[in-house]
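Open the structure in your viewer and keep the selection tool ready. We will go stop by stop.

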Amino acid sequence: MNKYAPLLFIIFSVFFASISVNAQNWQYDLNEALALAKDKDQKIVLFFTGSDWCPPCIKLEKNVLSTEAFADFTNQKYVWLRADFPRRRKNKISQEQKKKNKELAKRYNKKMVFPVILVLNKKGVVLGATGFRRDLDVHGYISLLKSFDSFDR
């Protein structure tokens, strides 16, 4: 056995643990997200994306959604719901998931605009919406999401 194996195991464990701490725990089904939001008394962030073809979607996810500061804030307040509409074969999603995403779009994004971030209350009512904004950094998006709280009745 390699004498460095235990050390490598520890390094990889710490590395992958730090990645998972900052990532969003995405839901892919509206009913499951609503149930989780009710259970946790949280709101829902619904993200419509074209993850492999939409440059603003890719920038938004890379520069805002996947940052540590954004994840730390949002993981405490929101249930994450993702509706992805990839085009590349390698990113193909199941027919069942395609159907769920189309139903979400039919209800919340009829014009199929990408990217869109919607904040929903735990009943599924839209409190606020935004998309890719060049004028906002991570902290700007956090402030914007906080501002939507005032619309919840």
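**First stop: a helix on the sheet**

Select helix α6, residues 138-148. Helix α6 lies across β3, β4 (116-120) and β5, and runs at about 155 degrees to β5. Axes here are lines fitted to C-alpha atoms, for helices over the stretch in contact, and angles run from 0 to 180 degrees between N-to-C directions. Contact means heavy atoms within 4.5 Å. Helices (H or I, at least four residues) and strands (E, at least two) are DSSP runs, numbered from the N terminus.

This is a predicted model: local features need pLDDT of at least 70, side-chain atom pairs count only at pLDDT 80 or more, and totals for chains, interfaces and linings use all residues. Residues are numbered from 1 along each chain as its sequence is written, and side-chain values use heavy atoms, leaving out hydrogens and water.

**Next: the sheet**

Select the 5 strands. They form an open, mixed sheet in the order β1-β3-β2-β4-β5. β1 (26-27) and β5 (126-130) are at the edges with a single partner strand each, so one side of each has no neighbour in the sheet. Two strands pair if DSSP finds at least two bridges between them.

Zoom in on β1. It pairs with β3 (residues 78-84) in the parallel sense, over 2 bridges. Which residue of β3 is the bridge partner of Gln27? Leu81 is.

Select helix α3, residues 55-65. Its buried residues (under 20% relative accessible area, 1.4 Å probe, protein chains only) are Cys57, Leu60, Val64 and Leu65. They pack against β2, α4, β3, β4 and α6. On the other side of α3, Pro55 and Lys62 are exposed, meaning over 50%.
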